Amino acid sequence: MDAIRLLPGAQPFFYPGGPVGCLLVHGLTGAPQEMRWLGQHLHRQGHTVYGIRLAGHGSTLEDLRRATWREWFLDVLAGHEVLRAQCERVFAIGLSMGGALCLLLAAREPVDGVVSLSAPYEVRDWRTPLLPILSHLIPLLPKKPPSPEQAAFQQRVMDEQRRRGEPAIGHVSYPAWPLTAVGELIGLLAEVRAGLPEVSAPALLIHSQRDDVVPFENLAGYAARIGSADVQTMVLEHSLHVVTEDGERDRVFDAVTRFIAQHT
C-alpha cells in the first residue's frame with residue numbers, strides 16, 4: 001500500500017493560548033494553510049487557535065471525491081468540542097465553504113460568535129440538476145487556467161511567504177473540482193440556509209466585491225436571513241476570493257480581532 005501523505009500546507013495547526021478559542025475552517029479544495037496567517041495573528045492576541053483539516057482535503061482528489069458534507073461538518077463539530085473543553089468562549093471562523101460550515105455550527109451549537117469569509121449562499125448553475133449524471137461522466141472538472149489577476153494573487157502569496165521565512169509554495173488547492181464534492185457542497189448549503197434563522201450568536205460577514213469564485217451577491221443572502229440581532233458586514237474592494245491571503249488580509253485580521261474583542 002502506498003504511504004498516505006499530506007500535501008505541503010495541508011497540516012492542521014493548534015496554537016495554545018488564553019480562554020478565548022478560535023476555530024478556523026478552510027474552504028472546498030483548499031487547505032488549512034489558507035487560514036494559518038489569520039490563526040497566527042489571533043494567537044498573538046492571546047487566543048487559543050485550532051485550524052482543522054476537512055475530510056478529503058490536502059491529500060488526493062480521490063479522497064475528496066469520497067468525502068461527504070456530513071463528514072466535513074463532523075470535523076467542525078469535533079474541532080468545536082476540542083476548544084470548548086479548554087476555553088471559556090469559542091468563535092467559529094471560516095473561509096468560503098468553511099464559512100458556511102461555521103454558520104451551520106452556529107445554528108446547532110452554542111458558539112460565542114461566528115465569522116464567515118467569502119461564503120457561498122447558493123450555487124446557481126443550470127447544470128446543477130445534472131450533477132448526479134455528470135459526476136459519473138466527468139469525475140473531475142479541471143479548474144480554468146489562472147487569469148492574470150489570479151496569477152498575480154499567487155505571486156503575492158509567494159512574496160509574503162518569502163517575507164515570513166516560509167517555503168514559497170503559493171496558495172495550496174487541488175487543481176480540479178470533483179463533481180461529487182460540488183454536489184455535497186450544494187447539499188450542505190441547503191442545510192445552512194434552512195438553519196440560518198436559528199443562528200443567534202453575533203455574526204460577522206466579510207466578502208470582496210472582486211471575489212472571483214463566489215459572487216459578491218452571496219453576502220446579501222446571508223445578511224438577510226441570519227436570525228441573530230447582531231449581524232455585521234464588511235465589504236472589501238480589491239481582494240479576490242481568498243481574503244485571508246490577499247492584499248487586504250490585514251483589514252480582515254483587524255476586523256476579526258475587533259469582533260472577538262467586542263463579544264468577550
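I looked first for charges over rings, taking a charge to sit over a ring if NZ of Lys or CZ of Arg is within 6 Å of the ring centre and within 35 degrees of the ring normal. The charged end of Lys-143 lies over the ring of Trp-177, at 4.6 Å from its centre, and Arg-193 is placed over the face of Tyr-121, 5.8 Å from the ring centre.

I note that this is a predicted model, in which local features need pLDDT of at least 70 and side-chain atom pairs count only at pLDDT 80 or more, while totals for chains, interfaces and linings use all residues. Residues are numbered from 1 along each chain as its sequence is written, and side-chain values use heavy atoms, with hydrogens and water left out.

I then turned to Pro-32, which lies in the loop between strand S2 (20-25) and helix H1 (33-44); helices (H or I, at least four residues) and strands (E, at least two) are DSSP runs, numbered from the N terminus. Pro-32 is buried at 1% relative accessibility, where buried means under 20% relative accessible area, exposed over 50% and partly exposed in between, with a 1.4 Å probe and protein chains only.

Which residues is Pro-32 in contact with, leaving aside its neighbours within four places in sequence? With contact meaning heavy atoms within 4.5 Å, I found Gly-9, Ala-10, Gln-11, Pro-12, Phe-13, His-26, Ile-52 and Arg-53. The C-alpha atoms of Pro-32 and Ala-10 are 5.5 Å apart, although the two residues are separated by 22 residues along the chain.
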